[in-house]
Amino acid sequence: MDGKMLARIGAIIFIAIAITATVIEMTREEEPARVRSAPELQPEADPLRLTLRRCQRLGEAATSDAECLSAWAESRDRFLGRSPAPAAPTVEGER
């Protein structure tokens with residue numbers, strides 16, 4: 001067998017394999033995609049988050065609101081991983 005004949009046989013085999021693979025792929029039935037529903041997680045209501053949202057809606061007025069200043073300090077402490085500072089002790093008679 002000479003080289004040309006071997007090349008032709010190789011090309012015919014290659015084309016036959018390509019056609020067979022195409023036919024198999026075209027006759028394959030598509031399986032519908034499985035829909036996995038993840039359980040809906042309802043996070044617990046975080047009072048700090050609610051306060052921060054309220055302060056966000058207040059806009060510039062929030063800079064003078066004591067509750068907003070306290071919420072921002074607590075949020076900063078959470079972010080930085082610090083424990084909140086203990087409240088200053090109140091002395092009876094002082095108000």
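1. Start with Thr51. Leaving aside residues up to four places away in sequence, Thr51 touches Glu67 and Ala71; contact here means heavy atoms within 4.5 Å. Thr51 sits in helix H2. Thr51 is buried, at a relative accessible area of 16%. The cut-offs are these: buried is under 20% relative accessible area, exposed is over 50%, and partly exposed is in between, with a 1.4 Å probe and protein chains only.

2. A word on the source. This is a predicted model, in which local features need pLDDT of at least 70 and side-chain atom pairs count only at pLDDT 80 or more, while totals for chains, interfaces and linings use all residues. Residues are numbered from 1 along each chain as its sequence is written, and side-chain values use heavy atoms, with hydrogens and water left out.

3. The overall layout. The chain has three helices and zero strands. From the N terminus on, the order is α-α-α. Helices (H or I, at least four residues) and strands (E, at least two) are DSSP runs, numbered from the N terminus. Of the 95 residues of the chain, 7% count as buried.

4. How do H2 and H3 pack? Two packed helices are described by the angle between their axes and the distance between the axes. Helix H2 covers residues 47-58 and helix H3 covers residues 66-80. Their angle is about 125 degrees, and their axes are 9 Å apart. The axes are lines fitted to C-alpha atoms, for helices over the stretch in contact, and angles run from 0 to 180 degrees between N-to-C directions. H2 and H3 are therefore oblique to each other. On this scale, angles under 35 degrees are roughly parallel, over 145 roughly antiparallel, 65 to 115 roughly perpendicular, and the rest oblique.

5. Handedness and make-up. H2 and H3 cross in a left-handed sense: the near helix is turned anticlockwise from the far one by less than a right angle, whereas clockwise would be right-handed. On the H2 side, the contact is made by Leu48, Thr51, Leu52, Arg54, Cys55 and Leu58. H3 brings Glu67, Cys68, Ala71, Trp72, Glu74, Ser75 and Arg78. By class, that contact has seven nonpolar, two polar and four charged residues. Ala, Val, Leu, Ile, Met, Phe, Trp, Tyr, Cys and Pro count as nonpolar, Asp, Glu, Lys and Arg as charged, and the others, Gly among them, as polar.

6. Look at Leu48 next. Leu48 lies in helix H2. Leu48 is buried, with a relative accessible area of 8%. Not counting residues up to four places away in sequence, Leu48 touches Ala71, Glu74, Ser75 and Arg78. The C-alpha atoms of Leu48 and Glu74 are separated by 8.0 Å, although the two are 26 residues apart along the chain.

7. Is Gln56 buried or exposed? At 55% relative accessibility, Gln56 counts as exposed.

8. Salt bridges. The structure holds six of them, a salt bridge being a side-chain nitrogen of Lys or Arg within 4 Å of a carboxyl oxygen of Asp or Glu. One network links Asp46, Glu74 and Arg78.

9. Arg54 is partly exposed at 27% relative accessibility. Asp65 is partly exposed at 22%, and Glu67 is partly exposed at 44%.

10. One further pair. The side chains of Arg28 and Glu25 meet in a salt bridge at 3.6 Å, N to O. Arg28 is exposed, at 54% relative accessibility. Glu25 is partly exposed, with a relative accessible area of 49%.
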